[in-house]
Structures are given as C-alpha cells and as structure tokens.
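Thanks, everyone, for making time this morning. I would like to walk you through a few local features of one model, so please keep the sequence and the structure open while I talk.

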Amino acid sequence: MKKIFLLSSLVAMLFAFGSCTNYLNVDEYFADTFREDSIFANKYNITRYYNGAVNLLPTEGRLWEYGSTPGITGSDEAVSVGRWNGGFLDVQYSGTFLTTNQITASSMSGWTWDFNVWDPCYKIVRKCNVLLSNISAVPDMNSIEKMQFRSEVRFLRAYAYYWILRNQGPVILLGDEVLSSNEGSDYYSHYRSTMDECVEYICNEFTEAAEYMPEERSQNEIYAPTKGVALSLAARLRLTDASPLYNGGDAARRYFSNFKRSSDGEFYVSQSYDERKWAVAAAAAKKVIDMGRYELYTVAADDNTAQLPANVPSAPYPDGAGGIDPYRSYSEQFTGEAVVMTNKELIWGTTNGVNGSNSHIFPLTLGGSNAISVPQRMVDMYYMADGRDIHEASAEYPYNNRPYDNTCIVQADKVLSKNYTLKGGTYAAYDNREPRFYANIGFSNRLWTMSSTTVSGKHDVQVGYYRGANNGPQLSTNNVYCMTGYTAVKYVHPTDALSGENARTIQKTLPLIRYAEILLSYAEALNHLTRDWEIDGIHVSRDTEEIKKYFNRVRYRAGLPGLTDDQLASVETLDKVIQRERAIELFHEGHRFYDIRRWGIVDELEKEPLTGLNVNLGEWSGFYQPCIIQHSAIRERVWKDKMILLPISLNEVRKAPTIDQNPGWEK
C-alpha cells in the first residue's frame, strides 16, 4: 500500500532527474536486498533507500478498521460490531479486538492490521542509521542538501520511535548504532530505556531535525512533514510525559509500580511527580504557537448562520465569535470542503484511510454498513448552544428529552447553517445544541443530503435507527446495525453519496495534527503550574489570562462562550473542562484512546456500562430511553490493567531475552 508520508522538498529535488511527478508514490524504493555499499553511490540510490524506510511506516490514517492502533473503537469514543463478513472480505475493527480481550502477545494482528509496530519501526530505525552513517559520501549532493536530508532522516527515525512509544511504551534507544541483521540473540542484548529517557531523546531529535526542515510545503507535497510537524509531535509527547500516567500520579503507581528494568531495577515509568514536565510541555506548545504560521480555520458568517446566543462575545473572531459561521468553520476542514493548501489550522494530515471511512457510518440502505456507532456518553458531552451542560440548560436554550413520545419534538425546520437544517419532527433532545454536535453526531431524523446522486430516494433522506425505521436493526442480515442510535458524521460532505447514479464522495484529509490540539495542550500544561518557569527562553506560568486567550479561541470558533472565573478557580475544575473540550473538539481524530490513558481515567470509564438508545424498540415506544447496549461486542467488553499499553510481540521478546515485557502480558 502506498504511504502518504511525503518527502521533503529536498527529496523532490533528488528525484528531479527521474520521475519527479511521481515522488509521492513510495512504491519506488529499493528492497531490503539492495546492497548497502551501493546506497551512497548517488542521489537516486539514497532517495530510493530512504523511500524503503518510509514504506515501512504503520498506517497513519486508519482509525476505523484495519489499523495499526486500536483507533476510535479502542476507547469509549465509538463502538463497533468487531468483525463481520462483508461478502467478499472479513471486515475487522481492531480496536474492538482489544476491548473484548482478544489480543495477546502472540496474537496481535488480523487481516491487513497489526498492532506490532515494534518490528517495522525498528527496521525503519536501522535504515535511518544506515543513511546517517555515510550521507557525506554521496558524491552528487552538496553540503546544504546533505544537511537537509540528514534532518529528514532524523525526523523519520524519531517518528518511528514515537510510534512504538505511544503504543507499546518505552523503547530501546539505539542512537546511531547500525545493528547487523544476522547475529545470535546475545548480540541483541539491549535493554529498554525509561519513559523519561525515551521522551527526552525523541523530542530532542524532533527539535533538532526541525531546525533544517521547511516551514511550509508546495502544493505538490502539502502532506509532507515540516518544522511545525516536528515541533508539534515533540509538544504532544511532552504533554504525555507530564500527565498523571507517566508523572508520578495515582495512575503511574497503579499500573507501573512493579514495572522495573531487569538489569538495574530502575522504574520504567517515574513514580515521583515533577512539575517541570508540565512547564516543558507548555513551552513546547508555545514554540509552535510562536511560529506565527498557524490559526484556527474559519468561514465568514452569511444569511444562513444561526444567531449567536447572548452570552457569547460578538466581537470579531478571535476576540469573540462575531463574523464567523461556527458550524462551517469547524465542519468544513473534515468534510473536504476546506482547501488544504490554505487551511492554516492543518499542521499535518493524510488522505490515507479517512476516505474509506464513510462506508462504516453510512446508513444500511444507502450504501453503508452502520457498523460504527457513538455511545450516549459521548453524545451527552456536547454543550447546549449557549455553552451550558444538558443538565443545567437555560430557559432560552432548553434541553427537552421528556416525554419519550411524539410531543417531544422540534416543531418546524430550523436552518442552522448553509449546509445544515434540523428537520421538524426530530426528537427535541437534539435541538438547541452547539454547532459541533451537528457537525459530528448523526441521529434519527437527521437529513442526509447526498446531493451528488440524482436517483430519487437516494438523496435528501431522513434516516432513522429504531426498529421499523428505514435503517433500523430489522434490516440487518449479519448482526451489523447502528447499535446506539447514533453515528459519526464528521467526515461526511453534503454531496457524499455511496449509491445511486452519479454518486461520488469528496476527498477528505484526516488531520494528524491540528492547531486546535496545540492550543488545548498549551492550556492544559499551563493549568498545572504552581510557579513561574523559564524553559528554553520561554516564560510559562498558570497565567489565567494566557489560558483564556488560547483556550477561548477554540470555544469562540465553536460559537460558545469562553472560560468563566469559576472554571479557572481550581486546577481540578479546569482539568475536567479541558478534558471535555478535547473529547468534543478532537472527536474521531485518534486522540481519545491515548488521552484517557495519560489522564489515568480509562479504568473509571470502562467500569461504567456503555449506553445508547434502545434500537430494538419503535420510535415512540421506548427508542429514545437510553439503555445498556445489548450487542454482543459490547456485552463481551472488558477492562484489564494490562491494556494500558499494548504488548510487545512474543516473537520480539524471545528474539531478544533482555526485552522486558509490558505489565500483565505473557512473556
């Protein structure tokens, strides 16, 4: 499969005399059998060898099925049926394999998916070390080209380590060592480094690589890593390392108190709290902010834009929500409507994986499978239009979810934005909600426009998920249906259609890093500081005005009021606000699986039963009353402490006996 991990302008230049229009296609690479003494003969050879390393990267964008990580179904962000026969292939949602305890150290893969990123990523590390060992010997590269290429290789090596660290914890840091591939087990007797050592090394590599990476890319290489990408990945890792799971919190002691290096008894994960980690994380995020290159994506308001609630500042954005359409400003970067080249919020993205995601959430009768559903817990996180919780709704924007009959409905169509109309007759609990609710969540009676198809009955359809509805469970022949009454519509464009004459879908970009993440990470890190710090010349502290300034940009873009004094009053209160904001803002972008682990709350969440609507009942005979999800994939869901990290493959552990297995997994 082709990797959409683009090469730098340097690599494009190296290809200039060859297939320069084809340089994004990493099918052009040397196999592992290529003689290493020929790698440095010329630009062409070294480029193709580099491409061979890129080609080994795990799949970045497959958050739904066939992924290299548990993705969205590995947490409470979404639930799936696990696996099902699609007629000509076996569809497997890898995250559900983890949550139903089907993963072991000797069985951690399936058809076209594999959680064992350890092996391919170490092959990348080796290739990068081979390249770094003798770049200076390439005769037709000048000194500037060699310097830039070295930065690209260091970034790739750090990214390979990053992949392992995020999924399987502490890595074996090899430095620039080039290991032979045909030695006995004693030769590979290396021990894993501690979490702190790994983060320090990887982040330093990202930061130093960033120095000679370009700040922007041409249109032909828009998805290539840049200086901002390298610094953002460092900021993400710094925030992870500062979080309770890895920074001496209760979670660190619960999961890792016996996780020690066998060589010297050193804790792999720190059991002592260090506030400086939060300061370093804040400074790392501020470095990205201070680049001055990024800003949140916005679309100007028009006649269809819903009026802002009275408690939302009407000053022009970013000082308020005035002048923008919050629904379109948020949604269009995911639907494919936004132009990637001019979207200053997108720090790094990929088209790999996301463009097949619609098949999992589209209705059964309209070309999809309804195989991905959203639990009630996630639905209820979304605020009312004026920023209030559903349980504290105002009289102006009420939350009505009683009674469960046809008197509790939206009385008439409501135009909320150019591309969104809330249809009359819809259950009233879905009225008066914030714009991101409508951009992300699909519910019964939602209008699916699917305007690209001209076939009657295939466009402008109001879809229902209750028994007897046009996409209810009674239509399923293989136990695949919308099991909660909610689906995810974040990546659905108004023209997207999967069936009917002229049906087509718009190409989407999955954001691997968005500027909104950086702003929320900065606010989170500042929140945990108790004194002033200076890190790399950047001063950081728990300055509430600074927190409001950057956090509120995310809120105002969503058409919501900013932080209140009560929310800022304590670290604990603001932490909960930030955690909720990340769940909403970064919904289905691959963050929550890691977030709920680093915060140390995953076990609490997993102990609470997942609920949804009662899809086995009719619309007005009990459907809207939440209940525990009854699908077998949810009944079999369990939580075990070992799931805090993925295992290291038993093959890898046995290949190098000095590798300490992750806690709870077989050795």
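**Backbone, buried asparagines and a helix pair**

I start with His 588, which sits in the loop between α17 (571-585) and α18 (592-598). Please bear in mind throughout that this is a predicted model. His 588 is not a glycine, and yet its phi is positive, at about 55°. Is His 588 buried or exposed? With a relative accessible area of 1%, His 588 is buried, because the cut-off for that class is under 20%.

Asp 460 also has a positive phi, in this case about 50°, although it is not a glycine. Its place is in the loop between β11 (446-448) and β12, and at 47% relative accessibility Asp 460 counts as partly exposed.

Staying with the backbone, I turn to two prolines. The peptide bond that leads from Tyr 317 to Pro 318 is cis, with omega near 15°, and Pro 318 belongs to the loop between α9 (276-290) and α10 (326-335). Arg 402 and Pro 403 are likewise joined by a cis peptide bond, with omega about -5°, and Pro 403 is placed in the loop between α12 (376-381) and β8 (414-417).

Next come two asparagines. Asn 471 lies in the loop between β12 (461-463) and β13 (486-488), and with a relative accessible area of 1% it is buried. Its side chain makes a polar contact, at 3.4 Å, with the side chain of Asn 470. If we leave aside neighbours within four places in sequence, the residues in contact with Asn 471 include Pro 363, Leu 364, Thr 365 and Asn 370, and also Val 463.

Asn 358, found in helix α11 (residues 358-361), counts as buried at 6% relative accessibility. Not counting residues up to four places away in sequence, Asn 358 touches Tyr 491, Val 492, Asp 496, Leu 498, Thr 505 and Lys 508.

Finally, how do α2 and α4 run relative to each other? The axes of helix α2 (residues 43-54) and helix α4 (residues 118-134) come within 9 Å and cross at roughly 160°, and the two helices are therefore roughly antiparallel to each other. The crossing in which α2 passes α4 is left-handed. On the α2 side, the contact is made by Ile 46, Tyr 49, Tyr 50, Gly 52 and Ala 53, while α4 contributes Ile 124, Arg 126, Lys 127, Val 130 and Leu 131. Sorted by class, this contact has seven nonpolar, one polar and two charged residues.

Key. Residues are numbered from 1 along each chain as its sequence is written. This is a predicted model: local features need pLDDT of at least 70, side-chain atom pairs count only at pLDDT 80 or more; totals for chains, interfaces and linings use all residues. Side-chain values use heavy atoms; hydrogens and water are left out. Helices (H or I, at least four residues) and strands (E, at least two) are DSSP runs, numbered from the N terminus. Buried means under 20% relative accessible area, exposed over 50%, partly exposed in between (1.4 Å probe, protein chains only). A polar contact is a pair of N or O atoms within 3.5 Å; within protein, one must be able to donate a hydrogen and the other to accept it, and residues adjacent in sequence count only if both atoms are side-chain atoms. Contact means heavy atoms within 4.5 Å. Axes are lines fitted to C-alpha atoms, for helices over the stretch in contact, and angles run from 0 to 180 degrees between N-to-C directions. Angles under 35 degrees count as roughly parallel, over 145 as roughly antiparallel, 65 to 115 as roughly perpendicular and the rest as oblique. A crossing is left-handed if the near helix is turned anticlockwise from the far one by less than a right angle, and right-handed if clockwise. Ala, Val, Leu, Ile, Met, Phe, Trp, Tyr, Cys and Pro count as nonpolar, Asp, Glu, Lys and Arg as charged, and the others, Gly among them, as polar.
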